[in-house]
Amino acid sequence: MPVDLTFEPLSTAKAAVTVIIGRQHNLAGMFEGATAVGSMNAALWRTMVEKVKPGGAGKSTSTLLADGSRLVAAVLPEVCSRHCSPIRNYAISALVGPAAAEGVAEDGGAAIVCVLDGAKHAAGAACAVARAFPLFSMKRSGGGGAARVSFVVAGAPALPEAAYLPCRGGASVRLAARLVDTPPEQLTTTAFVGEARAVAARLQALGRDVTVDVIAGEALRDQGYGGLWGVGKAAAEPPALCVLSYVPAAAAKSVCLVGKGIVYDTGGLAIKSVAGMCGMKMDMGGAAALMGAFEAAVAIGTKDSLHCALCLAENAVGPGAFRNDDVLTFFSGVTCEVNNTDAEGRLVLSDGVAHATTPGTLPGGRVPDLVVDMATLTGAQMVATGKHHAGIFTNDEATELAAVAAGKRTGDLVHPLPYAPEFHRAQFQSKVADFKNSVAARNDAQASCAGNFIGESLHKDYAGAWLHVDIAGPAFKDDRATGFGVALVLGLLEVDGFRA
């Protein structure tokens, strides 16, 4: 059973374990003016906190109180370089799960109190805490229990109940992570479409007018989506383009999110090694994160028109599998000579961004002002920007700056990749088609090249901004999904609680 995680104002209800997490100077003065907390007086608490040496990753210490409950001080690191987030979300995620583990399974559960530098950190901290409590498990025993999470700003009045509405982003982080953690025999393309319909139903129950449009199987072939059809046609479950849409009246802006949803990647006929294939259930992390972000944004109350196009396929081996040397035609009309069936994500996303930017394809009839595609696309991303920062590639400098700022503000960090299509395009030259799908030289800005390949299928008249986000590194950690990308998009959309 998963942990029941709730976000609510600070309560005096007793918990089996209380975890208080924050920076050292904020924690040390937490109980000033109070005579005692259980059997813990303020002076003893200060001594306990000040003895902790948090280093660069943070550290916890705890004590058993006279009433049998445990009190944990989880001290965040002080260091915060200019390419990191002041929320220190990575340390929150790493510390709160183990610290609360003993309490969640007992009567009273766990109480987690995040002591923040400012109220604007609450939503990002909620996403960090949510990451520490994954939903998916098929273990025969263990799990379950409850944890309640509250926020306190050092030296300030308690946050009002309204401040907790953006914490819905935490639920979407857990949703995205659950989908990525789910094994491929359960999360097929058809099951993923079912998950999208469930998102729509939950939002409709909140009074949001959300629609779902699906093009699946041979209809993709017949309507010109050659990338999606080619990649997914050999699988037992058909490929699909599933589009969630929310079009409020008088929306100032329109945004389309386009997610890579490869529910399993064998590499196709260019089959992966045993070691290389394990973990490829996570290759739909982009679609999972964007669907989670869509639900949170609409639930919290975005004023933008928002669409989420899920490009769903299984890259399977079978008699109908697409081959190296096949030529695929995308919805944009761009043709591609396949020279690596294991470079399939860019093929399905090419159809996705073409659909998003072609006039008349999305409900409401409006071409988006911004298209964001997100994918676990390349191992080269980890070489370029690491496992903590996603790589971003965009045709618009203002969008690049906004994405970097949103990452620091929410904790989902990103760093720009070089944008120079005149260099990247040359890596895909083909004698018989517009492009090949895999680079000629793997040591020449490969992550940028892969992003640029997707951008070649934007509609020829599209004049808006396009942002590609490669999350291959930060989407997965220690064999678990992180839900990375949800908070980033909420920040980029400037949803309440996630704006500057």
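Predicted model: local features only at pLDDT ≥ 70, side-chain atom pairs only at ≥ 80, totals over all residues.
Although L10 and F151 are 141 residues apart along the chain, their C-alpha atoms are separated by 7.1 Å. When neighbours within four places in sequence are left aside, the contacts of L10 are V113, S150, V152 and Y164.

Strand β12 (residues 335-337) pairs with β16 in the parallel sense over 2 bridges, and C336 has F435 in β16 as its bridge partner.

Side chains of opposite charge can pair when their charged atoms come close. In this model the count of salt bridges comes to 19, and the table gives some of them.

| Salt bridge | N to O distance |
|---|---|
| E218 and R221 | 3.5 Å |
| D283 and K260 | 2.9 Å |
| D369 and R366 | 3.1 Å |

Both E218 and R221 lie in helix α7 (residues 218-222), 3 residues apart, which is about one turn of the helix. E218 is partly exposed, at 47% relative accessible area, and R221 is partly exposed as well, at 41%.

D283 and K260 form a salt bridge that links distant parts of the chain, with D283 in the loop between α9 (274-277) and α10 (285-300) and K260 in strand β9 (residues 254-265). D283 counts as buried at 3% relative accessibility, and K260 counts as buried at 2%.

Finally, R23, E78 and D117 are linked in a network of salt bridges.

Technical notes
Residues numbered from 1 in each chain as written. Heavy atoms only, no water. Contact = heavy atoms within 4.5 Å. Pairing = 2+ DSSP bridges. Helix = DSSP H or I, 4+ residues; strand = E, 2+ residues; numbered from the N terminus. Salt bridge = Lys/Arg side-chain N within 4 Å of Asp/Glu carboxyl O. Buried < 20%, exposed > 50% of the residue type's maximum accessible area, 1.4 Å probe, protein only.
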